[in-house]
Each structure stands twice: as C-alpha cells, then as structure tokens.
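Trainee: I would like to go through this model with you, one question at a time. Please give the cut-offs as we go.

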Amino acid sequence: PDILPTYDIRKPGKNEMFILSLLKSAGGKMRKSKLIAKLEDEKIIMIRDENITELTDAAKHSQLRAILDTMEKDWSFVVVESSGNRSEVSLTEQGNTALRIFGVDNNKKK
C-alpha cells in the first residue's frame with residue numbers, strides 16, 4: 001500500500017485567535033491603536049516588569065508587534081499597512097480560514 005505523508009497542523013494560540021475574531025467583528029480591519037486598547041482590556045498587552053508602573057505607547061506597540069509579526073510573516077493571517085502615523089491591521093483570507101477551522105470563543109471566562 002501507498003504510505004501517505006503526514007502534515008503538521010499548528011493551531012494558532014488564544015491571543016492570535018482573539019485578534020482574528022476582533023478583526024472579523026470589526027469588518028476585517030482595525031487601527032492598531034484600537035486593537036491595542038482591546039488587547040489591554042483582555043490583559044494580553046500589559047506590564048510585564050514589576051519595576052514599571054505604566055506602559056509607554058512604544059512598549060504597547062512593541063508587544064503588539066511581537067504577536068502580529070508571527071501572524072503576518074509565518075501564518076499570513078493579517079496584513080499590517082502603515083500610512084503616516086496611521087497603521088491598520090487587516091484580516092486576510094488565510095486568517096478567515098483559520099477562524100472557520102479553529103473557531104473562537106468570544107465569551108471567555110474571566
């Protein structure tokens with residue numbers, strides 16, 4: 001008999017799935033600043049060093065970038081477009097497919 005190759009199916013993490021669902025519910029696009037605010041509400045973007053009392057905008061963008069880089073470069077789930085001071089994150093067809101395959105629970109228990 002023929003032996004079929006096996007494929008590694010990597011499931012995106014909770015944070016990635018949450019971002020995809022946010023983008024979907026926002027019509028497929030969201031400004032980075034609004035995305036950061038939502039991720040702060042969910043404690044995804046937060047202070048990670050006890051010596052710091054407040055996150056700078058640069059630190060918030062850095063934490064977002066760490067998540068979005070993988071989503072954009074490795075998974076092709078999103079596209080980040082910048083024009084001047086405005087940056088927008090857009091859901092791709094690949095991101096939509098991931099949402100359909102893996103689903104997401106918007107009613108997370110707190």
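Trainee: How far apart are the closest N and O atoms of the salt bridge between arginine 65 and aspartate 69?

Mentor: This is a predicted model, in which local features need pLDDT of at least 70 and side-chain atom pairs count only at pLDDT 80 or more, while totals for chains, interfaces and linings use all residues. Residues are numbered from 1 along each chain as its sequence is written, and side-chain values use heavy atoms, with hydrogens and water left out. A salt bridge here is a side-chain nitrogen of Lys or Arg within 4 Å of a carboxyl oxygen of Asp or Glu. Arginine 65 and aspartate 69 form one, and their closest N and O atoms are separated by 2.6 Å.

Trainee: In which helix do arginine 65 and aspartate 69 lie?

Mentor: Helices (H or I, at least four residues) and strands (E, at least two) are DSSP runs, numbered from the N terminus. Arginine 65 and aspartate 69 are four residues apart, about one turn of the helix, and both belong to residues 57-74, helix H3.

Trainee: Is arginine 65 buried, partly exposed or exposed?

Mentor: Buried means under 20% relative accessible area, exposed over 50%, and partly exposed in between (1.4 Å probe, protein chains only). Arginine 65 has a relative accessible area of 24%, and aspartate 69 has 27%, so aspartate 69 is partly exposed. With its 24%, arginine 65 therefore counts as partly exposed.

Trainee: Which residues are joined with Arg65 into one network of salt bridges?

Mentor: Glutamate 72 also has a salt bridge to arginine 65, at 3.1 Å from N to O. Glutamate 72 is partly exposed, with a relative accessible area of 21%. Through salt bridges that share partners, the network joins Arg65 with Asp69, Glu72 and Lys73.

Trainee: How many salt bridges does the count come to?

Mentor: One further case is glutamate 93 with arginine 100, whose side chains meet at 3.9 Å, N to O. Both glutamate 93 and arginine 100 are exposed. By the 4 Å rule, the count of salt bridges is seven.

Trainee: Why are H2 and H3 described as roughly perpendicular?

Mentor: Axes are lines fitted to C-alpha atoms, for helices over the stretch in contact, and angles run from 0 to 180 degrees between N-to-C directions. Angles under 35 degrees count as roughly parallel, over 145 as roughly antiparallel, 65 to 115 as roughly perpendicular and the rest as oblique. The axes of H2 (residues 32-41) and H3 come within 10 Å and cross at roughly 90 degrees, so the two helices are roughly perpendicular.

Trainee: How many of the residues in the contact of H2 with H3 are charged?

Mentor: Contact means heavy atoms within 4.5 Å. Lys32, Leu35, Ile36, Leu39 and Glu40 of H2 meet Lys60, His61, Leu64, Arg65 and Leu68 of H3. Ala, Val, Leu, Ile, Met, Phe, Trp, Tyr, Cys and Pro count as nonpolar, Asp, Glu, Lys and Arg as charged, and the others, Gly among them, as polar. The contact of H2 with H3 has five nonpolar residues and one polar, and the number of charged residues is four.

Trainee: Which residue in the turn of the S2 and S3 hairpin has a positive phi?

Mentor: Two residues lie between S2 and S3 in this hairpin. The turn residue with a positive phi, about 65 degrees, is glycine 84.

Trainee: Is threonine 92 buried or exposed?

Mentor: Threonine 92 lies in the loop between S3 and helix H4 (93-102). Leaving aside neighbours within four places in sequence, threonine 92 is in contact with Ser76, Phe77, Val78 and Val79. Its relative accessibility is 17%, so threonine 92 counts as buried.

Technical notes:
Pairing = 2+ DSSP bridges.
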